[in-house]
Amino acid sequence: MPTVSVGRDRLFKALGRTYTEEEFDDLCFKFGIELDDVTTEKAILRKEKHLDEEKPSEDEEVIYKIEVPANRYDLLCLEGLAQALRIFEGLDPIPTYSLANIGQESMLKMHVKPETSKIRPYVVCAVLRGVTFDEARYNSFIDLQDRLHQNICRRRTLVAIGTHDLDTIEGPFTYEALPPPEINFIPLKQTKNFRADELMQFYKSDMKLKKFLHIIENSPVFPVIYDRSRTVLSLPPIINGAHSAISLKTKNVFIECTATDLTKANIVLNTMVTMFSVYCERKFEVEPVEVIYDDGKSYISPDLSLYQMMVNLSYISSTIGVSLPAHEVACSLNKMQLHAKHSVLENNETGFTISVPPTRSDILHPIDVAEDFGISYGYNEIPKKKFPSVKPQILNQFTDLIKEEIAMAGYTEVLLFILCSYKENFTMLNRKDDKSTAVINGNPRTAEFEVSRTSLMNGILKSIGHNKDHPKPIKIFEVGDVVLLDETKDVGASNRRHLAAVYCGVTSGFELIHGLVDRVMEVTGNPFVSPGDKTGYYILSSNEPEFLPGRQASIIYKGKEVGTFGIVHPQVLDNFGIPDPCSYMEVDIESFL
């Protein structure tokens, strides 16, 4: 989860009182966040430089590192933290955010050219008028951008934020996509004019910006934003122009967010303007901007309207396990910035109309409302209940009994991945893919997870290969699921519970693993019978490629083959880097139920 560093004294000033470290830690716990560390600016620098720790002096500013939920973007800055905690403590009402009352003809315009669809098709904008910055507010404004870029913006791949001094530029603005040689401007913190393609080379040595170059550097066109006089505002998602850079003297801030995901762009813009509209001349008021596309489509951003959601009182009570009157539940939700009005529904149930503010983009479903009620009420205050014992599923109960018996035979349990590589599942076991058994992953993240395993053998042998220096013999087993194609299932595949065991060592032999098979069949109540008898099990010679010919057998249970065992083929052992002989058994234990 993200960790936000804030100055203790400034935070306490915003909260309107001071706390001891224990008191503030308790407040954070009640609100659902965590005071992760207490440090100082100099201590952080010393740690980054790997210098010895020193006793902090009294004049050093104390820094609180607070861990916040990953989807609470409103808590990524001091302004949002202080506001949320003050509302939680009942010190402030829920703020009402509004758009400035200006006519559409007076609004600033952002014209979007069709070429932008080739690289970053969306843009949303807003203006903060009459902002008063000091050094702390300015730094918090910049820090919030960085934290959003790292979090919801996914390192600028989904959204990139640009902030500009509106008094240095003039609308209407245009968002275009042009060939790199056609874009010329002076980038932020530079004095020289660069072409966009030259900038790509220039920033390859920049520790901060080089990690963003890959987003656009191979594109035939780069996104760029111009004002009326063709002054470059920004080259998203890389750098802003120096001409419109904001400073402590900036009074009117123009914010633009270019994106590949319009929903996330709106969340990012809403977070920026709601957190810092508190410093505007007209508190909590934001000036909208009209975004116009060449095809005639247009929209006004930001959208600060309240999102309405209906949630039943019975749903909240049953989810959290606390029954309270409707007005108390509404009061608890108000503490979490969710304005709740209760009413009686048609079925005589009590329900709430929840008004979700633009700061709470994490509220998507009634379960989120129930969670916020649980936080506000206090999870430690929820009465403990002892639920009646639940009987385990028969298969899981049977699995536990099998594990216990194998363990008593001297084998150690292993738990392995259900996904493996295509090569491990087939080639390394001397098997061929018949295209009717294995479930192939369509878009594997790595070559290690291409296929759902069709047997437990590759995982167990791989484990031995990685532990071949372990004292011998190595006796391990696994009881786990394999996945097989199954046209009778609605998902096209089914899981089967298998038992596999291997004995690895110089004394490994067919009779050792045969003995384990007989023990498993004995404890499961299956007698050994003559071939053809369907009242128990018997074994027949088999010809599986992963086993040594003539030293392998199939397990036939009630006329159906349920498993195999034998001496592992030397070629298979060599494929997995195992120098010692191994005897192996695998059986489908679901067949016994």
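Q: Why is strand E29 largely enclosed by the rest of the structure?
A: This is a predicted model. In it, seven of the seven residues of E29, residues 582–588, are buried, so the strand is largely enclosed.

Q: Which residues cover each face of E29?
A: Cys582, Tyr584, Glu586 and Asp588 lie on one side. Ser583, Met585 and Val587 lie on the other. All of them are buried.

Q: How many bridges join E25 to E29?
A: Seven. E25 spans residues 493–504 and runs antiparallel to E29. Ala501 stands opposite Met585 there.

Q: And how many bridges join E28 to E29?
A: Five, and those two strands are antiparallel as well. E28 covers residues 560–568. Met585 turns up again, as the bridge partner of Phe565.

Q: Let's zoom out. How many helices and strands does the protein chain have?
A: It has 15 helices and 29 strands. The radius of gyration is 33 Å, well over the 25 Å that the globule rule gives for 593 residues, so the chain is more spread out than a compact globule.

Q: What box do the C-alpha atoms fill?
A: Roughly 95 × 65 × 60 Å, along the principal axes.

Q: What share of the residues is buried?
A: 49% of the 593 residues.

Q: What about contacts between residues 24 or more positions apart?
A: They account for 70% of the contacts with a separation of 6 or more.

Q: Switching to charges: how far apart are the mean positions of the positive and negative ones?
A: 2 Å, for 64 positive and 83 negative charges.

Technical notes
Residues numbered from 1 in each chain as written. Predicted model: local features only at pLDDT ≥ 70, side-chain atom pairs only at ≥ 80, totals over all residues. Heavy atoms only, no water. Buried < 20%, exposed > 50% of the residue type's maximum accessible area, 1.4 Å probe, protein only. Helix = DSSP H or I, 4+ residues; strand = E, 2+ residues; numbered from the N terminus. Pairing = 2+ DSSP bridges. Rg over C-alpha atoms; globule rule 2.2 N^0.38 Å. Contact = heavy atoms within 4.5 Å. Lys, Arg positive; Asp, Glu negative; His and termini not counted. Charge placed at Lys NZ, Arg CZ, Asp CG, Glu CD.
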